[in-house]
Amino acid sequence: MSILPIRLAPDLMLRQKAKRVKYFDGSIQKLIGDMQETMHAAEGIGLAAPQVGIPLRVIVIGLPEEEDIVLLNPQVVRKTGERVVDESCLSIPGYVGEVKRAISIIVKARDPSGKEIRIRGEKVLSHALEHEIDHINGILYIDHLETPDKLRKIKPTKTETET
Ligand SMILES: [Zn+2]
């Protein structure tokens, strides 16, 4: 596995709609492994393939003390509720912004072997899923800011919730 360079805004790779994964082959397994390693090395809690320059619908989520979640071709089935959360992004270092996210979410996807799965996310997992699924649609959290003052500059240290 290797650590991949992370694309930073305003890189255009972050703004395109990523393509569906069709083949669950060795090259996808390698990409998944590299993405997990890159996410953990950057101390992020989530990463989408376009952030490492690959325009495919692959996301990984790694919450502290939990097993990584790997989703291919994820689709939101249902979102419930709404709340304001502080979010940051490995592609927009040094900032945190207030955005509205669902309270819970149900997502269907394929696992790395191609099997269809459904997962339900609440709390941090819910907004991490929304954030990463946004990434594969070319959307960044800063697009959801109600006003520019909802974005704050933070010290150039890592936060626990960068995705
Ligand atoms: Zn992000």
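Let me begin with a definition: a residue is called buried if 20 or more other C-beta atoms lie within 10 Å of its own, exposed if 12 or fewer do, and partly exposed in between, with the C-beta atoms placed from the backbone. By that criterion, buried residues make up 34% of the 163 residues in the chain. What you see above is a predicted model, in which local features need pLDDT of at least 70 and side-chain atom pairs count only at pLDDT 80 or more, while totals for chains, interfaces and linings use all residues. Residues are numbered from 1 along each chain, as its sequence is written.

First, the overall dimensions. Taken along the principal axes, the C-alpha atoms of the chain fill a box of roughly 45 × 35 × 30 Å. The radius of gyration, taken over C-alpha atoms, can be set against a globule rule of 2.2 Å times the number of residues to the power 0.38; for 163 residues a compact globule would have a value near 15 Å, and the chain, at 15 Å, agrees with this. As for contacts, which require the C-beta atoms of two residues, placed from the backbone, to lie within 7 Å, residues 24 or more positions apart account for 68% of those in the chain with a separation of 6 or more.

Now the secondary structure, where helices (H or I, at least four residues) and strands (E, at least two) are DSSP runs numbered from the N terminus. The chain has 2 helices and 8 strands, and from the N terminus on, the elements run α-β-β-β-β-β-β-β-α-β. Two strands are said to pair if DSSP finds at least two bridges between them.

S1 and S2 (residues 58–61) pair over 3 bridges, and Gly46 has Ile61 in S2 as its bridge partner.

Leaving aside residues up to four places away in sequence, Arg120 touches Ser104 and Ile106.

Finally, an open sheet of 3 strands has the order S4-S5-S8, again with antiparallel pairing. S4 and S8 (151–153) stand at its edges with a single partner strand each, so one side of each is left without a neighbour in the sheet. Neighbouring strands of this sheet are turned by 25° against each other on average, direction ignored. S4 (residues 83–89) and S5 (residues 92–101) pair over 6 bridges, and a hairpin joins them through 2 residues. S5 and S8 pair over 3 bridges.

Terms used
Axes fitted to C-alpha atoms, helices over the stretch in contact; angles between N-to-C directions.
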